[in-house]
Amino acid sequence: IDGIPDVDLVYWDYYHKKKADYSAMLSAHEKFNKNIWFAGGAWCWYGFAPGNRYTLKNMKPAMQACKQAGVKNIFITMWGDNGKECSYFSTLPALFYLKRYYDGVTDRKQIEAEFKDITGESFERMMNMDAPNYVGGNKEGGFRSPCKYMLYNDPFFGWLDTQVKEGVDKEYKRYAKRFAIYARQSEEFAYLYDFLSKLCKVLSYKYDLGVRVREAYQSQNKEKLTSIVIDFKTTEKAVKSFYKAFRELWHKENKPHGFDVQDLRIGGITRRTDACRRRILDYVSGKIDSIQELEEKLIPLPNAEAETPTYIMKSANIFTSNVIE
């Protein structure tokens, strides 16, 4: 301790959910007799949608501990890991809530009213930007991001088809409609809601596309395969619309640098969707005898339900990171 120079100490923590954990770490920092800062996190680095609910779950006890320990210098980090798909503005409700919570305001209705007065936006409406990750019973939105990894799930190789849950496509369809309504209601962030609406529309078609095409192929139901071809075409069209909304969001909020990564990734989705569609057409018309990828037996993600969400996200990033490494 005596060898530490005259510097402030920053305690970083995004993960804990109990005040006692934060308090214990702050007490450990106090032993250095230095000024202490706290760095929390507004979860926005795991895909296209934010994790405001997850942020509040983790950071509210952190604010309590900081207040009790007399820590006055606090900042909330917002990273852009692996492509920076998520808008930083989508974390506004969590940021505002945490500041007022630290100030001692615990009445949620009061915080929502103040948020509306300052931003002109509905607090709950912006909190609902989390929705694309809260599907299929997922309760760890922000830490587990199906709206990203299922977007990139290949319809033939099905590397995450074993994670597909029944009815999620319908959830995405409802969210697409909901965000479209929000876009019409919002003055400041209509472009954000439009972006999320178009993302959910893609997923309403693509989420279980690989499962459906594999089942139809393995049951040798060419009639069903022919009908699924339409879904491939619809998916491709929806991806193009999503890309256009994403491009608008990016250039409104960021420098152009970095969107080349999205050009490559999303462009790859459109080309791959088109290629798979054409392979199906060749098969049902008799030009080819088989679609070999669809004959492979899928291997489930090991212990997926018990695995950490990070494991799934790292698996997803294998597909998306090669263009920037």
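Helices and strands are DSSP runs, numbered from the N terminus, with helices (H or I) of at least four residues and strands (E) of at least two. In the predicted model considered here, the protein chain contains 12 helices and 3 strands by this assignment. The C-alpha atoms of the chain fill a box of roughly 75 × 45 × 35 Å along the principal axes. Of its 325 residues, 50% count as buried. Among contacts with a separation of 6 or more, 76% are made by residues 24 or more positions apart.

The segment before β1 includes I4. Because its relative accessibility is 32%, I4 counts as partly exposed. Beyond residues up to four places away in sequence, I4 touches F32 and K34. The C-alpha atoms of I4 and F32 lie 8.0 Å apart in space, although 28 residues separate the two in sequence.

Strand β1 spans residues 9–12, with L9 and Y11 on a covered face and V10 and W12 on an uncovered one. In a regular strand, side chains alternate between the two faces of the sheet. Strand β1 pairs with strand β2 (residues 36–41) in the parallel sense over 4 bridges, and Y11 stands opposite F38 of β2.

At 68% relative accessibility, N33 counts as exposed. A positive phi of about 55° is also found at K84, which is not a glycine; K84 is placed in the loop between β3 (73–77) and α3 (92–103). K84 has a relative accessibility of 11% and therefore counts as buried.

In soluble globular proteins, nonpolar side chains tend to be buried together. The largest nonpolar core of the model comprises 64 residues, of which F38, F48, L151 and F242 touch the most other members. Helix α8 (residues 190–206) supplies the largest share of this core, with 9 residues. The contacts of F48, not counting residues up to four places away in sequence, are E85, C86, C147, K148, L151, Y152, F195, L196, L199, F242 and F246.

Helix α9 (residues 209–218) is largely enclosed by the rest of the structure, because 7 of its 10 residues are buried. These buried residues are L209, G210, V211, V213, R214, A216 and Y217, and they pack against α8, α10 (222–253) and α11 (259–284). Following α9 is Q220, with a positive phi near 55°.

A search of the whole structure identified 1 cavity of 30 Å³ or more. The largest cavity holds about 40 Å³ of space. Its lining consists of N153, D154, P155, D161, K206, Y207, L209 and G210. Of these lining residues, L209 and G210 are also among the buried residues of α9.

Methods. Residues numbered from 1 in each chain as written. Predicted model: local features only at pLDDT ≥ 70, side-chain atom pairs only at ≥ 80, totals over all residues. Heavy atoms only, no water. Core = buried A, V, L, I, M, F, W, Y, C linked by side-chain atoms within 4.5 Å. Buried < 20%, exposed > 50% of the residue type's maximum accessible area, 1.4 Å probe, protein only. Contact = heavy atoms within 4.5 Å. Pairing = 2+ DSSP bridges. 1 Å grid on protein atoms, 1.4 Å probe; cavity = no way out; pocket = protein on both sides within 12 Å on 5 of 7 lines; lining within 4 Å. Points joined across faces, edges and corners; volume = space filled by probe spheres on them.
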